[in-house]
Amino acid sequence: MCDIRLFRSARMDFETAKTLWKMTWEDEMILNNAAYHLQQAVEKVLKGALECVGVTVPNTHKITKLISMVTNNGANITITDWVDDHSEMLSEWETETRYNMDFLVEKRKLDRAMDEIDMFFRENGIQKELRRELQDEERKERLLSCLPESGRGCSDFELNCYYIMFQKKIEEISGTKK
């Protein structure tokens, strides 16, 4: 069932990665922990988008497989070029950072991943600030009309996530396509 919990969890993983990335530690393993949370953030966004189009999400951590499923099922999420091009590296970060004690994420790769995954989140509106599409009051009102009365007092972050869920319905209501 589609709801915003995976998107909220993805955002928390991203914030955790950012906090770890900014810390100064003597042990380079902290970079592995940040990389793991970045991979989890991307994975959860993709799985959340799949759930929103009614796809039963498999038990996988393979970003490449999830991207393919998003593309093949018309999920309302934009896959940035960097995420697509680095999907195998991100998948590797899920297992290697947890189970291979000799594996170390390179700081330069983590630095770039932080920037690129931040852009992926912004592109898809997984942010605290209201996404650009919903700054149009008519579009925002159409989104609110899709929500139950009790859900209309939600935060901008929640509205952004609901937009992922209801964009196609909003376009049908307004007679437009993205």
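Mentor: A disulfide is a pair of cysteine sulfur atoms within 2.5 Å. This is a predicted model, in which local features need pLDDT of at least 70, side-chain atom pairs count only at pLDDT 80 or more, and totals for chains, interfaces and linings use all residues. Residues are numbered from 1 along each chain as its sequence is written, and side-chain values use heavy atoms, with hydrogens and water left out.

Trainee: How many disulfides does the rule give?

Mentor: The count is zero.

Trainee: Is C146 buried or exposed?

Mentor: C146 is buried, at 12% relative accessibility; buried means under 20% relative accessible area, exposed over 50% and partly exposed in between, with a 1.4 Å probe and protein chains only.

Trainee: Changing topic, which residues touch the most other members of the largest nonpolar core?

Mentor: They are L38, W93, L110, I117 and F121, in a core of 55 residues. Such a core is a set of buried Ala, Val, Leu, Ile, Met, Phe, Trp, Tyr and Cys residues joined through side-chain atoms within 4.5 Å.

Trainee: What is L110 in contact with?

Mentor: Leaving aside neighbours within four places in sequence, L110 is in contact with W21, L31, A34, A35, L38, W93 and V105, where contact means heavy atoms within 4.5 Å.
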